[in-house]
Amino acid sequence: MSTLIGDMAGSVFQLVEILLLGVVLLVALHAARFAIDVVPISAERREGLRRAFPLAAAASVVLYLLLSAGIFFAPYPED
């Protein structure tokens, strides 16, 4: 039998974990965008990377949402 305080503490830990994962993703996306602009590569390759970046970022966000849902619903298994 779980207690209300135990459930709240678990929820806070999960929220912190999800938020930290989001911050890590945000920093990684900004670093990748910065790297595209600074790394010495040809102009056409840079343009291709700039065009592909939104798709990669969207895929990363979808993966983040799936991981967040898994973290959030892990303590509630199917009955």
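User: How many salt bridges does a search of the whole structure find?

Analyst: A salt bridge calls for a side-chain nitrogen of Lys or Arg within 4 Å of a carboxyl oxygen of Asp or Glu. In this predicted model, a search of the whole structure gives 2 salt bridges.

User: Which residue forms a salt bridge with D37, and how far apart are the closest N and O atoms?

Analyst: The partner of D37 is R50, with the closest N and O atoms 3.0 Å apart. Because D37 belongs to helix α1 and R50 to helix α2 (residues 43-73), this pair ties together parts that are 13 residues apart in sequence.

User: Where do E47 and R51 lie, and how are they separated?

Analyst: Both lie in helix α2, 4 residues apart, which means a separation of about one helical turn. E47 is partly exposed at 36% relative accessible area, whereas R51 is exposed at 66%.

User: Which residues make the nonpolar surface patch?

Analyst: Patch residues must have over 30% relative accessible area and no salt bridge. Here V12, V16 and L20 make a nonpolar surface patch of about 270 Å². L20 is placed in helix α1 (residues 4-38), and its relative accessibility of 52% is why L20 counts as exposed.

Conventions
Residues are numbered from 1 along each chain as its sequence is written. This is a predicted model: local features need pLDDT of at least 70, side-chain atom pairs count only at pLDDT 80 or more; totals for chains, interfaces and linings use all residues. Side-chain values use heavy atoms; hydrogens and water are left out. Patches are made of residues with over 30% relative accessible area and no salt bridge: like charges are joined within 9 Å, nonpolar side chains (Val, Leu, Ile, Met, Phe, Trp, Tyr) within 5 Å. Accessible areas come from the Shrake-Rupley method with a 1.4 Å probe; for residues, only the protein chains shown count as cover. Helices (H or I, at least four residues) and strands (E, at least two) are DSSP runs, numbered from the N terminus. Buried means under 20% relative accessible area, exposed over 50%, partly exposed in between (1.4 Å probe, protein chains only).
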